[in-house]
Amino acid sequence: MHFDSATFEDTIPHFNNLHLPHSNVLVYNLSSSIEITQNNTITTSEDPYRNLADKLVYKYICLAIFVIGFIGNLLSVLVFSRPALRRRSCAIYFLALAITDIASLCSSFIDTVLPSFNNVSLTMKWAFICKLNPLLVYFTTDLSNFLLAVASIDRAVSIQCPVKSQYFCRARIAIYIILVMSIVFLLINGHLFWGFEIIDEQSSKFCLASKTKYVYYNEPYSMTYDRFYAIFDSLDMLFAVVIPFIVMLICNIIILIRVITSRRSVTTTASNAGQSKEARKRHDKEKQLTIMLLGSAAAFLVFTLPTEINDTIRAFHPPDVPQTQGPAALVTAIFIAMGQLNHAIHFYIYTLTGRVFRNELIQLFTLSKYSVLRQKTVSSIRQTNADQRLLSLSKKKPNPDDFDA
C-alpha cells in the first residue's frame, strides 16, 4: 500500500515543516512530495518541478558535487598534512575543515543522492542512521562554519598584531581549539541522537523528531521533543550561521584594510632590512594562506547565505501551503545543492588562490616519481663505488712472477 503524499500534513497534523534544519536534509524537506511504503521505498509525485529536482538536481548535480568534493577534500587533507604547512595554525584549521567537509558530504549523500538512485531512504530503514545522520549534519555544519570563523580570527590577529600572534597563532593552540569546539558542538547537538526516531504513521515510516519523548514534563506546560527541536533549529541557525558570518565579515575587513594599507610599507621594510630568504619565504606562505582564507570566506557567503535566507522565509510560510511542491520544490533543491557545494569547493579555491598550496600539491604528486629516481641514483652511486673499490683492490694485488724472480 502506497502512502498518498498529498495528505502528508493531514496524516501527521502535529508535524511542523516550518522548522527545517539549516542543512536542508532530504527527509525533512521533501517529505510532503514523496510516497513512502512500508518497506521504505520512495515514489516521487507527478509534480514536474518535483520530478525535475529529483531526476536532475538530486540524482546528478548532487552526485557530481559529492564526487568532486570528496576527491578535493581528500587531496586537501593530504596537502595540509605535509610538513611545510602543518606547522602553521591556519593550515591546521584548513585540515580540520577538509575532514569536516568530507563527513558533511557523506551525510548529504545519504539524504539526497542515494534515495534518488535506489528509491530507498536509509534514514527510514535503520533507526541508528535515523539518529546519527541528523547529529552528523548539524555537528559538521556547525564545526565547518566556526572553523572558518576561527581561521579568520587567526589571520586577523596574525596581520594586526604580528608580535602577539606568536602566542595565539600556533599549530598546537589550533589543535586545542579544534578539540574544544568539537566537544562543545557534540554536547550542543547530542540531543538529536536521542530525540530522532522512526515514526510509523498509516503503514508508512518517517525519520522525525519524536512526539512522544518529553524534554520537560509538567502538565499543562509539558514540552515534547518535536516542539523543543523546532525552537532549537531556529536558534541554531542564528548561532551557527549568523555569528560566524559576522565574525568572518569583521575579520576579513580588518585583513583587507591591513593588507591594502601596508603593502608598500611591508615591501620597503623587507627590502631595507635585507630579510633572509627563509624569512621572505615564511612571509609569503602566511600571505598565501590569508588569500586562501579570503576565498573560502567568500564562498561561504555566496553559497550559504542564500540557503539560510530561503530557510528563514520558509520558517514564516503559512503552514497550510505546501512548500516542496511546484517551483518551490525546484528552488529548494537548488539551495540544497548550493549548501553542499559550500563543503565541496574549498580545494579548488585553494588551488586557484594559493601558490604555496599549488606547489605542495605538485610535490605531492611528484613525490613518488622523485623517490624512485632517488633510489635509482643511490643504487647507481653505490654500484659505481663498489666497482671502483674492486678495481683499486685488483691494482694493488701483488704479481706472483715478482716473487719467483
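Tutor: UniProt positions are in the numbering used here, feature names are shortened, and annotations may be inferred rather than shown by experiment. This is a predicted model, where local features need pLDDT of at least 70 and side-chain atom pairs count only at pLDDT 80 or more, while totals for chains, interfaces and linings use all residues. Residues are numbered from 1 along each chain as its sequence is written, and side-chain values use heavy atoms, leaving out hydrogens and water.

Student: How much of residues 92–115 is helix?

Tutor: The unreviewed UniProt entry lists 92–115 among its transmembrane regions. Helices are DSSP runs of H or I, at least four residues, and strands are runs of E, at least two, numbered from the N terminus. Strand makes up 0% of this stretch, its end C-alpha atoms are 35 Å apart, and its helix share is 100%.

Student: Where does H5 bend?

Tutor: H5 has 30 residues and reaches 43 Å from first C-alpha to last. For a bend, you take the angle between axes fitted to the seven residues ending at a residue and the seven starting there. Here that's about 45°, at Phe109.

Student: Is Ser104 buried or exposed?

Tutor: Ser104 sits in H5, residues 89–118. Using a 1.4 Å probe and protein chains only, buried means under 20% relative accessible area, exposed over 50%, and partly exposed in between. At 4%, Ser104 counts as buried.

Student: Which residues does Ser104 contact, leaving aside neighbours within four places in sequence?

Tutor: Contact means heavy atoms within 4.5 Å. With those neighbours set aside, Ser104 touches Thr140 and His343.

Conventions:
Expected span 1.5 Å × (residues − 1).
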